[in-house]
Amino acid sequence: MKYTTLYGSILLLANACTSNYTGHIRDLSFQNDSLRVITMIVNERANTIAVLFGNKLALQNKLAQKPRENSELYKLVTWRQQPNTFWYGSNINGTLLCIETVEITSKERQVVPNYTLECFDSPFAEALPIDNVERTTFIMNQQLAVSP
Amino acid sequence: MSKRNFMFFIALVTALAALLFAGYGGHGINNGSTVGEIKAPKEVDNILRKACYDCHSNDTKLAWFDRLPIISIAVRKDVEEGRRHLNFSAWESLSPTARKAKLWDVYNVIRAGRMPPISYLQTHSKAIITTADRQILKTYIDGLIIKQLADSTALETTLSQYNSWIKSKAVSRRVSPNGIAHMPAYKTWQVMSATSRFDNGTIRILYANPIASQAIQNKNINPWPKGSVIVKAMWQKLEDKEGQVRPGKFINLQYMVKDKRKYSSTGGWGFARFDGPQLKPYGDVLILATECIDCHKTVEQNDFVFNLSTKQSSEKL
């Protein structure tokens, strides 16, 4: 009986220690699914980290340096930058702030980028309204990061 | 106790004492020479000497009990291993970049409570590092940060690398000396995190394969399940005057592959690294079995994984 209690206590303690670590880890706040990384952008002034994703077509055209094409899709996902708990000297993405989407459609033989903004905790709060054209240009002009 | 038992007891104690002291100091440490010792401010130097030097320099000062024959064997092993990791007496033999990286390692292992080891502190209380000591070390390494805006050379190097990369064909099969193969499909995996290092001027994106990604969502990461793979892509930082940082020159891909049986000597993880756009396999079997895990031991409580975002960013000293 004594041993049962002892083993039980040890197991509870071990479980508590394990939960303590895993319980603090954030869920993956953005599922990139079929989208791939184009590049990342850290904004030291705004204290944000962002990753720009694109669909296969967007990446192919970037790589081939082709002009925009119907059905290209871009998503710029921005998180608050926070210190990495496990390494002093490193910052990591924290709270998800917003997702900006640019979808290329064609209208009368011309490509038209459609910009949408989904905010959760906006870094743009003080700068609203957003200049859609400026943000679209910013997103579209990002160079592909070398990713062998 | 009968006279016979008493005599037997005395003989036993004498034999044990003889065994313990016969080779007193016999397994001593060769302190060797000091060739280019670390030069740090006095207050930093004092901390390193009291807490680190016994195992991480050629100026090891043994306590009397460290010289006892049986104990001295273990002490010598610890000192030799300590010097292999880091030797402040041979500091100048490291490159400036390696010296800087070592100092950040030192601060982080102290911050994580991994060094000095508790077993050492139990018998060497002088080595305890106080909160004030940690603040001194932190201020010192903070002073080593060089924040540099991208200059024309960095921009040209990045552009040149980019231009040759987009024209090149996909690299053929690459295999690390320990058998871990590069997995081109990493680019289709879930992004686990993105990090920006102010200690060494790099930015990184970490990818988790479907097993690892599912494990994060299920909070099943202590330990991570067999088959988990984490890939880290690393670039130099290119920062403009507006404070925007983008990937510069691509540096390498680093792999962690979970298989607790196959990689039992390295925390259940196999490590590999592929350098440059050509993904040249790095190191040899011995290096891959020591160098990576030496650093990752700092987060042993996280099953050796550093780059996970936490809900509360506890910026402890």
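## Cysteines

A:C98 is buried, with a relative accessible area of 0%; buried means under 20% relative accessible area, exposed over 50% and partly exposed in between, using a 1.4 Å probe and protein chains only. This is a predicted model, in which local features need pLDDT of at least 70 and side-chain atom pairs count only at pLDDT 80 or more, while totals for chains, interfaces and linings use all residues. Residues are numbered from 1 along each chain as its sequence is written, chains are lettered from A and ligands numbered from 1 in the order in which they are written, and side-chain values use heavy atoms, with hydrogens and water left out.

A disulfide is a covalent bond between the sulfur atoms of two cysteines. Here the term is applied to a pair of cysteine sulfur atoms within 2.5 Å, and over all chains the structure holds zero of them. A:C98 is in no disulfide, its nearest cysteine sulfur being that of A:C119. The two sulfurs, of A:C119 and A:C98, are 4.6 Å apart, so they are too far from each other for a bond. A:C119 itself is partly exposed, at 36% relative accessible area.

## The two chains

Helices (DSSP runs of H or I, at least four residues) and strands (runs of E, at least two) are numbered from the N terminus. Chain A has three helices and five strands, in the order α-β-β-α-β-β-β-α from the N terminus on. Of its 148 residues, 47% are buried. Contact means heavy atoms within 4.5 Å; among contacts in chain A with a separation of 6 or more, 48% are between residues 24 or more positions apart. Chain A exposes about 7,900 Å², with carbon and sulfur atoms supplying 53% of it; such areas come from the Shrake-Rupley method with a 1.4 Å probe, and for residues only the protein chains shown count as cover.

Chain B has 10 helices and six strands. Its 317 residues include 42% that are buried. Taking contacts in chain B between residues at least 6 apart in sequence, 64% join residues at least 24 apart. The accessible surface of chain B is about 16,500 Å², and 59% of this belongs to carbon and sulfur atoms.

## Nonpolar cores

In soluble globular proteins, nonpolar side chains tend to be buried together. A nonpolar core is taken as a set of buried Ala, Val, Leu, Ile, Met, Phe, Trp, Tyr and Cys residues joined through side-chain atoms within 4.5 Å. The largest one has 55 residues, and A:Y74, B:Y207 and B:Y255 touch the most other members. Leaving aside neighbours within four places in sequence, the contacts of B:Y255 include B:I180, B:H182, B:Y186, B:V229, B:V231, B:F271 and B:F274. Another core lies apart from this one; it has 47 residues, among them A:L28, A:F86, B:I47 and B:I129.

## A surface patch on chain B

B:F6, B:M7, B:F9, B:I10 and B:V13 form a nonpolar patch on the surface, with about 460 Å² of accessible area together. Patches are made of residues with over 30% relative accessible area and no salt bridge, like charges being joined within 9 Å and nonpolar side chains (Val, Leu, Ile, Met, Phe, Trp, Tyr) within 5 Å. A salt bridge is a side-chain nitrogen of Lys or Arg within 4 Å of a carboxyl oxygen of Asp or Glu. B:F6 is in helix α1 (residues 3-22) of chain B and counts as partly exposed, at 43% relative accessibility.

Most residues other than glycine have a negative phi, and most peptide bonds are trans. The bond from B:M115 to B:P116 is cis, with omega near -15°; B:P116 lies in the loop between α5 (96-111) and α6 (118-121) of chain B. The bond from B:N222 to B:P223 is also cis, with omega near 10°, and B:P223 lies in the loop between α9 (210-217) and β3 (229-239). B:L279, in the loop between β5 (269-275) and β6 (280-281) of chain B, has a positive phi, near 55°, and is buried at 0% relative accessible area.

B:F304 has a positive phi near 70°. This residue is in the segment after α10 of chain B and is buried, with a relative accessible area of 8%. B:N302 is in the segment after α10 (285-296) and is buried at 1%. Beyond its neighbours within four places in sequence, B:N302 is in contact with A:Y21, A:F86, B:I221, B:N222 and B:W224.
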